[in-house]
Amino acid sequence: SGLPHNEAYTISDIYIQHADKCTDARSVINLLEELHIDLATRMREIRKKSMGSIHIHRSIDYIYEHLDEKITLETLANRENLNPSYLSRLFTKETGESLKNYIKKTKIATAKRMLEDPTYSIEDISLSLGFSSQSAFTAVFKELTNTTPAKYKQINI
């Protein structure tokens, strides 16, 4: 997804070395959480480099930092002191997709990584990503992946 192969392999080697030093399940889980954050941060930086305006950079940062909340166009526009319709057009122009769709895709990409970890329940994931209910989470997940979170979890664990 844009991370250079040599960098991905280096990161993999580093985390494998750290995993070899883990002595219990909790330390492995902590390492996985650190890896998720590390990769999400790197991917955010890659995506930001392809964007031109500082407003979009800051909006994307805000999205990643507030995945646990309901994020609206109005919130982002107020933060950037821009008209909401202007920010919407600018976001679509620079990212190639609507703000709403970008937020949904970002949350579902994060959910997919979390579903691959057996320690997270579907309910926990839906709440931690700011969905109003597990059924709302399931509907968005199915819309973007053509499968349910439960089926995805079953296949990927």
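**Notebook: helix packing and an aromatic cluster**

I looked up Phe141 and Tyr152 and found that both are buried, where buried means under 20% relative accessible area, exposed over 50% and partly exposed in between, with a 1.4 Å probe and protein chains only. The model is predicted, so I note that local features need pLDDT of at least 70, that side-chain atom pairs count only at pLDDT 80 or more, and that totals for chains, interfaces and linings use all residues. Residues are numbered from 1 along each chain as its sequence is written, and side-chain values use heavy atoms, with hydrogens and water left out.

**Entry 1: aromatic rings**

I recorded that a pair of aromatic rings is described by the distance of the centres and the angle of the planes. Rings of Phe, Tyr and Trp (its six-membered ring) pair if their centres lie within 6.5 Å; planes under 30 degrees apart count as stacked, over 60 as edge-to-face and the rest as tilted. My search of the whole structure gave four aromatic pairs. Phe141 and Tyr152 form an edge-to-face pair, with 5.6 Å from centre to centre and 70° between the planes. Phe141 belongs to helix H8 and Tyr152 to helix H9, so this pair ties together parts that are eleven residues apart in sequence. I then noted that ring pairs link Phe131, Phe137, Phe141 and Tyr152 into a cluster. Lys107 lies over the face of Phe131, 5.5 Å from the ring centre; the criterion is NZ of Lys or CZ of Arg within 6 Å of the ring centre and within 35 degrees of the ring normal.

**Entry 2: the chain as a whole**

I found nine helices and zero strands in the protein chain. Helices (H or I, at least four residues) and strands (E, at least two) are DSSP runs, numbered from the N terminus. Of the 157 residues, 38% count as buried. The C-alpha trace spans about 55 × 35 × 25 Å along its principal axes.

**Entry 3: crossing helices**

How do H6 and H8 pack? Helix H6 (residues 99-115) and helix H8 (residues 134-145) pack at an angle of about 95°, with their axes 10 Å apart. Axes are lines fitted to C-alpha atoms, for helices over the stretch in contact, and angles run from 0 to 180 degrees between N-to-C directions. H6 and H8 are therefore roughly perpendicular to each other; angles under 35 degrees count as roughly parallel, over 145 as roughly antiparallel, 65 to 115 as roughly perpendicular and the rest as oblique. Among the residues making the contact are Ile108 and Leu115 of H6, and Phe137 and Phe141 of H8. Contact means heavy atoms within 4.5 Å.

I also examined helix H3 (residues 54-65) and H5, whose axes come within 10 Å and cross at roughly 90°. That makes H3 roughly perpendicular to H5. In H3, His55, Ile56, Ser59, Ile60 and Ile63 meet Leu87, Leu90, Phe91, Glu94 and Thr95 in H5.

**Entry 4: single residues**

I found Ile29 in helix H2 (residues 25-49), buried at a relative accessible area of 15%. Ile29 and Pro118 are 89 residues apart in sequence and 10.0 Å apart in space, C-alpha to C-alpha.

Asn81, in the loop between helix H4 (73-80) and helix H5 (84-95), has a positive phi near 55° although this residue is other than glycine. Is Asn81 buried or exposed? At 70% relative accessibility, Asn81 counts as exposed.

Asn146, in the loop between H8 and helix H9 (149-156), has a positive phi of about 60°. Asn146 counts as exposed at 69% relative accessibility.
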